[in-house]
Amino acid sequence: MSTLPVYRWHLAPDGYATRRQLRARDLRPGGQDVAAQLERPRRRGRPPLVAYLYRVDLAKPVRPMTPGRWRAHAAMMRARRRCPECGADAGYVIPRTLGTCVPCAYSEEQRAA
């Protein structure tokens, strides 16, 4: 088993990119394995932050959004906006910390205070 090359923060050679950097170029890893690792040191004995790097020359273009994917995405977002308590569309994504829309999460007395 071979180990990955490790580079320090901001010192990776050209031709490598993180997932976010690939996405900014409208690319995706496309099934390739991680090619290298980037480490950012931290203070006070904490372990370094790690980012995985992929080869840009092996990356593939991002798959386009089809009408079916857009429908699935819209259905997912509708479900995240629907309040499970009152069933209304909140008009925003309901916070997971509340679990319901704001009017259901807080009673009239709590909102007035």
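**Group meeting: sheet, core and pocket**

Good morning. Strands β2 and β5 are paired antiparallel, with two bridges between them; here strands are DSSP runs of E with at least two residues, helices are runs of H or I with at least four residues, and both are numbered from the N terminus. Two strands count as paired if DSSP finds at least two bridges between them. Within this pair, A17 faces Y54 of β5.

Please note that this is a predicted model, in which local features need pLDDT of at least 70 and side-chain atom pairs count only at pLDDT 80 or more, while totals for chains, interfaces and linings use all residues. Residues are numbered from 1 along each chain as its sequence is written, and side-chain values use heavy atoms, with hydrogens and water left out.

Let me continue with the sheet. Strand β5, residues 49-55, also pairs with β4 in the antiparallel sense, through five bridges, and there L38 lies opposite A51 of β5. By contrast, β1 (residues 6-8) and β4 (residues 36-40) run parallel and are joined by three bridges; R8 has E39 in β4 as its bridge partner. What is the order of the four strands in the open sheet? The order is β1-β4-β5-β2, with mixed pairing. β1 and β2 are the edge strands, each pairing on one side only.

I turn to the core. The largest nonpolar core has six residues: A17, L22, L27, Y54, V56 and A59. Such a core is a set of buried Ala, Val, Leu, Ile, Met, Phe, Trp, Tyr and Cys residues joined through side-chain atoms within 4.5 Å. Buried means under 20% relative accessible area, exposed over 50%, and partly exposed in between, with a 1.4 Å probe and protein chains only. Leaving aside residues up to four places away in sequence, V56 touches G15, Y16, A17, L22, R25 and L27, where contact means heavy atoms within 4.5 Å.

Next, T18. This residue sits in the loop between β2 (16-17) and α1 (19-24). Is T18 buried or exposed? T18 is buried, because its relative accessible area is 16%. Beyond residues up to four places away in sequence, T18 touches A51, Y52 and L53.

Finally, the largest pocket. Its lining includes T18, L38 and L53, along with W9, H10 and R25, among others. A pocket is an open set of points on a 1 Å grid over the protein atoms alone, where a 1.4 Å probe fits, with protein on both sides within 12 Å along at least five of seven lines; lining residues have an atom within 4 Å of a point. The space in this pocket is about 150 Å³, a volume being the space filled by probe spheres set on the points, which are joined across faces, edges and corners. Thank you.
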